[in-house]
Amino acid sequence: MKLALHEVGDGDKVALLVHSIMSSADTWSRVAPRLVEHGYRVVMPDLRGHGDSPHAEEYTPQLFAADLVESLPTGADLVIGHSFGASVLTLAVAGLRPARVVYSDPAWRFNDKSVAEIKEFAQFTKATTAEQIQQMFPRWTPEDVAAELAGYARWDTRAVDWLDAAVEYVPERPLVPSLVQGAGDHHLVPDDLAERLRASGFEVRHVPDTGHCIHRDDVAGFLQSLDGWL
């Protein structure tokens with residue numbers, strides 16, 4: 001499937017930003033301009049069933065990944081994937097062939113509890129309010145809250161139907177130079193996983209005092225943790 005793409009900047013370098021499930025390219029609204037300042041042309045897709053991209057009859061991580069390979073330029077200088085977007089990127093990186101990759105708080109391991117929580121939250125998104133989002137994420141700007149609310153309104157809740165059992169997407173090794181950026185709460189990238197990743201060739205950095213959406217909780221800390229990768 002050809003995805004809707006959003007672009008900013010006209011730099012000589014190319015950065016691709018991949019959002020998570022239930023979200024849209026708008027999640028990168030504060031990150032993209034900062035990358036433009038670093039000389040990038042920034043390309044941000046909406047995954048199938050999200051944002052301005054078409055809804056589909058079928059959703060699987062493999063299909064999400066195939067869409068990225070079909071829609072995005074190969075050989076980008078940098079690709080950043082957040083949460084489930086990092087899981088999809090893991091499957092797409094061989095086809096995209098970027099110079100380097102950042103997996104931001106990757107959702108690589110789903111246990112039975114997290115599967116149930118995601119299913120429950122998926123239904124919650126269609127009835128949530130800006131006030132509820134702000135309460136859940138007190139460090140987000142009003143623009144972040146508005147973008148998240150708009151993303152909830154547009155996404156297809158069937159996009160999580162494939163997730164019905166515990167599953168793991170932790171890659172055995174990096175295919176290109178790869179940074180794993182963990183949130184300060186160490187929830188999705190706990191110390192044992194961080195050591196496993198380092199042993200297999202990944203660089204791992206945690207961003208202090210942040211939750212799952214590092215780029216929204218602390219955009220300055222998010223970018224600072226990318227020192228040497230931009």
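**Reading the calls on this model**

User: Why does Asp209 count as exposed?

Analyst: Asp209 has a relative accessibility of 64%. The cut-off for exposed is over 50%. The value passes that cut-off, so Asp209 is called exposed. Keep in mind that this is a predicted model.

User: Where is Asp209, and what is its phi?

Analyst: Asp209 is in the loop between β9 (203-207) and α8 (214-217). Its phi is positive, at about 60°, although the residue is not a glycine.

User: How do you know whether Arg97 is buried or exposed?

Analyst: Its relative accessible area is 52%. Exposed needs over 50%, so Arg97 is exposed. This residue lies in the loop between α3 and β5 (101-104). Arg97 also has a positive phi, near 50°, and is not a glycine.

User: What makes Ser53 buried?

Analyst: Ser53 has 4% relative accessibility. Buried means under 20%, therefore Ser53 is buried. The residue sits in the loop between β3 (40-45) and α2.

User: Which residues does Ser53 touch, leaving out those up to four places away in sequence?

Analyst: Ser53 touches Leu3, Ala4, Asp46, Leu47 and Arg48. Leu3 is 50 residues away along the chain, yet the C-alpha atoms of Ser53 and Leu3 are separated by 5.3 Å.

User: Which residues make the contact between α2 and α3, and how many are nonpolar?

Analyst: From α2 come Pro61, Gln62, Phe64, Ala65, Leu68 and Val69; from α3 come Phe84, Val88, Leu91, Ala92, Gly95 and Leu96. Of these contact residues, 10 are nonpolar, two are polar and none is charged.

User: How many helices and strands does the protein have?

Analyst: The protein has nine helices and nine strands.

User: What makes the protein as compact as a globular protein of its length?

Analyst: Its radius of gyration is 16 Å. The globule rule gives 17 Å for 230 residues. The two values are close, so the protein is as compact as a globular protein of that length. Its C-alpha atoms fill a box of roughly 40 × 40 × 35 Å along the principal axes.

User: What share of the residues count as buried?

Analyst: Of the 230 residues, 53% count as buried.

Notes: Residues are numbered from 1 along each chain as its sequence is written. This is a predicted model: local features need pLDDT of at least 70, side-chain atom pairs count only at pLDDT 80 or more; totals for chains, interfaces and linings use all residues. Side-chain values use heavy atoms; hydrogens and water are left out. Contact means heavy atoms within 4.5 Å. Helices (H or I, at least four residues) and strands (E, at least two) are DSSP runs, numbered from the N terminus. Ala, Val, Leu, Ile, Met, Phe, Trp, Tyr, Cys and Pro count as nonpolar, Asp, Glu, Lys and Arg as charged, and the others, Gly among them, as polar. The radius of gyration is taken over C-alpha atoms; the globule rule is 2.2 Å times the number of residues to the power 0.38. Buried means under 20% relative accessible area, exposed over 50%, partly exposed in between (1.4 Å probe, protein chains only).
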